[in-house]
Amino acid sequence: MDDFHILAFETSSTLCSVALLSREDGRLRLSEAQHEGRNEHAERILPLAEGLLAKAGLAPAGLSAIAFGQGPGGFTGLRVACGVAQGLAVALGVPVLPVDSLCAVAVQDAEADEAGIHVVLQDARMNEVYAAVYQCTGDAWVTQQAPALLAQADVAQWAAAESAVWAMQAGRQWVVHGDALTVFPGLADALTALGGVCVARAGIPARAQAATVARLAAQAWLRGERLDAAQATPAYVRDKVAYTTLERAQGLGGNPAADAVRLSLHDMTLTDLDEVAAIERQVQAFPWTRQNFVDGLAAGYRGWVVRRLGAMLGFALVMDAPDMAHLLVIGVRPDAQRQGVGAHLLQACIAHCRQGRLPALTLEVRPSNAKAIAFYQRHRFQQVGLRRGYYPAAHGAREDAWLMTFTLQESPA
């Protein structure tokens, strides 16, 4: 039996909470301490932790890992939890376990009814909402759409566009959680009007708590997940807090990242991989696994994802060689194809080549994939070779691959 002691911190809201989850001889023991108060997290967090350890009779050296609510949430609060987790982990020589704070909200409010899709809408202030989508698979919570920032006015439109995909994956209704249902009057009614949705109880505080962070971290620990403390970062989501004075004078307001319904490009991270793998399974007969993507990022490959209103539409992953970059895999969600997503991803790959002074971008494609070949040809890729028996095919057969290359010197500066 894998015994452990996990200390967890959660400070993404005004609630500062610390939890200690232990498993010894197959028995679980969970304790938690909390303090409510804005701008007091840094003062309260370590005394709360010390009290829990003392009560349990456990020395800090006995801890197996440090978990923390990664966010999204308040900037200062996220820095406190992450910084304290990193400091303790480095001092004790143990790994950290980042946990999605919005997933913790979903777990807390789901109670016994965990099956299906769970949508979390959390107030982000500035008339904006943090939005994310999760599915409970029985033994784990899987991210269907990673946390993103939406303008409050766009939430219903986002849900209307994406709920068909959630329903197809879950096979049942979807449930909405989060304090945005209370903060923004009428939001719950707008979502209910879409049909096929059960809105969670409004008015109940929906804030992530360290006890839930600890339970989710324990699941990650048992799956063998570990992260070096130096790699721990908060999930801020909001890239730019507000418009400048000049921009506001021009009639703009709030956060630019949430104002427009447009494609947005982001670096691929571990938190994206559930969605990446789901798209890959939809578009490939012999798809990469989630672990393939994990291994690729760990090896230093560069990846990007394209989103609209927080929903992932496509992804690409490249590997650099001394004389070129190799586009390993690219995928666009079937219902988002022919909308410029693939072109957006190719441009990111080409820009990456220019930045790294790599003269070419190369890829393989099945000769039977006429649509893909036409797409690459439109973007000035040329066939330069053939790889015999490169791809697996049906009934144990193999299919050749065209080797296609985009030469940067031929492209406009």
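I sorted the lining of the second largest pocket by residue class, and its residues divide into 19 nonpolar, nine polar and six charged. I was working on a predicted model throughout.

I then looked up the extent of this pocket, whose volume is about 1,200 Å³, and found that 34 residues line it, with Gln284, Ile330, Asn369, Ala372 and Tyr376 lying nearest its centre. The elements that give two or more residues to this lining are helix 9 (273–283), strand 14 (324–332), helix 11 (341–355), strand 15 (360–365), helix 12 (370–378) and strand 16 (382–392). I noted that strand 14 supplies the largest share of the lining, seven residues.

Next I turned to the cysteines, for which the count of disulfides comes to zero. For cysteine 349 I looked up the closest cysteine sulfur, which belongs to cysteine 353 and lies 7.3 Å away, so the pair is too far apart for a bond. I also checked accessibility: cysteine 349 is buried, at a relative accessible area of 1%, and cysteine 16 is buried as well, at 0%.

Last, I looked at confidence, where the chain averages a pLDDT of 85 and 86% of the residues score at least 70. I found pLDDT under 50 over residues 241–254, a stretch with 19 contacts beyond four places in sequence in the model. Over residues 256–261 the pLDDT is also below 50, and I noted 18 contacts there beyond near neighbours in sequence.

Technical notes:
Residues are numbered from 1 along each chain as its sequence is written. This is a predicted model: local features need pLDDT of at least 70, side-chain atom pairs count only at pLDDT 80 or more; totals for chains, interfaces and linings use all residues. Side-chain values use heavy atoms; hydrogens and water are left out. On a 1 Å grid over the protein atoms alone, a cavity is a set of points where a 1.4 Å probe fits but cannot get out, and a pocket is an open set with protein on both sides within 12 Å along at least five of seven lines; lining residues have an atom within 4 Å of a point. Grid points are joined across faces, edges and corners, and a volume is the space filled by probe spheres set on the points. Helices (H or I, at least four residues) and strands (E, at least two) are DSSP runs, numbered from the N terminus. Ala, Val, Leu, Ile, Met, Phe, Trp, Tyr, Cys and Pro count as nonpolar, Asp, Glu, Lys and Arg as charged, and the others, Gly among them, as polar. A disulfide is a pair of cysteine sulfur atoms within 2.5 Å. Buried means under 20% relative accessible area, exposed over 50%, partly exposed in between (1.4 Å probe, protein chains only). pLDDT is the predictor's confidence in each residue, from 0 to 100. Contact means heavy atoms within 4.5 Å.
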